[in-house]
Amino acid sequence: MNVEILARIQFAFTIAFHYIYPPLSIGLGLIMTIMEGLYLKTGRKIYEQMARFYVRVFALIFGIGVATGIVMEFEFGTNWAVYSKYVGDVFGSALAAEGIFAFALESGFLGVLLFGWNKVRPGVHFFSTVMVTLGSMFSAVWIVVANSWQQTPAGYHIVGKGLNARAEITDFWAMVFNPSSVTRLTHVWIGSFLAGAFLVLSISAFYLQRNRHAHFARISFKIALAVATFFSLAQLAVGHSSAEVVAEYQPAKLAALEGHFDGSKAADMFLFGYVDQKNNLTKGIAIPGGLSFLTKGDFKTPVTGLNDFKPEDRPGAVNFVFQTYHIMIAIGMFLIALTLYASFLWWRGTLFQKRWLLHIFSFSVLLPQIANQVGWYSAEVGRQPWVVYGLLRTSKALSQAVSAEQIMFSLILFTVVYVILFILFIYLLNKKIKHGPYDNHNIDHSPRHIEMADSL
């Protein structure tokens, strides 16, 4: 494999591994805030126990997330030096803002969150929880802004030529609020809330299946289910809005997402299928004119196809983009159906009587993670061959001095380290879950509280 392919594989591997943890931190932060807020409002001990337990899970996720995120900044310098110079002004300002406004906020209050129980007033501790949650969300803001600028550049001009060319910011707020920032950020936030909610649902279902910490698990499950149901439905609307932005600013990516080649015809919307890129055909089950209707408001209006672009300006792996995009959509629709059905059972008072449903929920933590990963793959591979859309090709963004052997060596090294980290993470998470709520002996198992849990 050549330098470009290896460098792309290495970056994809490291960022995909890192991207397991930030969404969990953001989503779990919201759940913790709700639980501790309920404790302050009601004074019920069970909510405090929930917050204490999930704070410990949060700390584990936060620690692994920070450790795995450092590597990518080094990769910019080692493998992508031309790219780093080109986007240095944009990324530098965004990453600096993340460090000042987000990471400092998140890490500064984390100590109070972890060790402040019984040492500061409950209101101060709750304030710390809110700050940590906001810090994790602000962190996503600046990372998504930087990435969105690559998708839809705005507020810049190019200075220099050739290897010395670079984008210089002319309008900071136009750069921040580039055409895709808001919809992509909202999409990422909601995906993160779902990741956190389904982690709590999974742990709660695990306890209920084994009849352990049942009182604790029932209330946790209901809180997480309310969050998951709301944001599953919200993601449907936000996802559609995000697709509209892609249709307007990245038509080649949109055509790849649906495997649409002929721009003289209306575009179908596939439920599933396969792209025969050799013959420029897509086969499968589709809604005729569905993509035309969603983007143009008419089932018969033509939509720009891949054939309207030069071969060198199209995404190379169209079937990969198509499949990852449709996996994300399928998981999103399944999450909506699953949470609505569970909410219906909650309303009927039979939520915890379906053992098969608890079994599904115990494994459901994987679904938002898979959706986040494949969604990111479809977004990033779909904008190829551009690393900065329409401005800088990926093949031109590489470091000039690095060799394929050097990248292969570092890739193997990262793989070994990340496998060890992942095994350690699973071991520690499993240990915390099996141990259960940290102060379990303090949980109120009185009939009044159990009745309250069942009626929540």
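## A guided tour of the predicted model

Begin at N118, which sits in the loop between α4 and α5; helices (H or I, at least four residues) and strands (E, at least two) are DSSP runs, numbered from the N terminus. The model is predicted, so local features need pLDDT of at least 70 and side-chain atom pairs count only at pLDDT 80 or more, while totals for chains, interfaces and linings use all residues. Residues are numbered from 1 along each chain as its sequence is written, and side-chain values use heavy atoms, with hydrogens and water left out.

Keep N118 selected: its phi is near 70 degrees, a positive value in a residue other than glycine. N118 counts as exposed at 72% relative accessibility (buried means under 20% relative accessible area, exposed over 50%, partly exposed in between, with a 1.4 Å probe and protein chains only). Next, select helix α4 (residues 81-115) and helix α5 (residues 122-151), whose axes come within 7 Å and cross at roughly 170 degrees. That angle makes α4 roughly antiparallel to α5; angles under 35 degrees count as roughly parallel, over 145 as roughly antiparallel, 65 to 115 as roughly perpendicular and the rest as oblique. Axes here are lines fitted to C-alpha atoms, for helices over the stretch in contact, and angles run from 0 to 180 degrees between N-to-C directions. The contact of α4 with α5 has 23 nonpolar, seven polar and two charged residues (Ala, Val, Leu, Ile, Met, Phe, Trp, Tyr, Cys and Pro are nonpolar; Asp, Glu, Lys and Arg are charged; the others, Gly among them, are polar).

**From α7 to α8.** Move to H213 in the loop between α7 and α8. H213 is not a glycine, yet has a positive phi of about 50 degrees, and it is buried, with a relative accessible area of 16%. Then select F193 and F231, a tilted aromatic pair with 4.8 Å centre to centre and 45 degrees between the planes. Rings of Phe, Tyr and Trp (its six-membered ring) pair if their centres lie within 6.5 Å; planes under 30 degrees apart count as stacked, over 60 as edge-to-face and the rest as tilted. F193 lies in helix α7 and F231 in helix α8 (residues 214-249), so the pair ties together parts that are 38 residues apart in sequence. F193 is buried at 7% relative accessible area, and F231 is buried at 16%.

**Around α9.** Seven of the eight residues of α9 are buried, among them K253 and E258. Just after α9, G259 takes a positive phi of about 60 degrees. Continue to D262, in the loop between α9 (251-258) and β3 (269-276), which counts as partly exposed at 30% relative accessibility.

**The second largest pocket.** Which residues lie nearest the centre of the second largest pocket? Select S202, V365, L366, I426 and L429, which hold that position among 22 lining residues. α14 supplies the largest share of the lining, six residues. The lining divides into 14 nonpolar, seven polar and one charged. A pocket is, on a 1 Å grid over the protein atoms alone, an open set of points where a 1.4 Å probe fits, with protein on both sides within 12 Å along at least five of seven lines; lining residues have an atom within 4 Å of a point.

**Last stop.** Select Q384 and P385, joined by a cis peptide bond with omega of about 15 degrees. P385 is in the loop between α13 and β5 (386-388).
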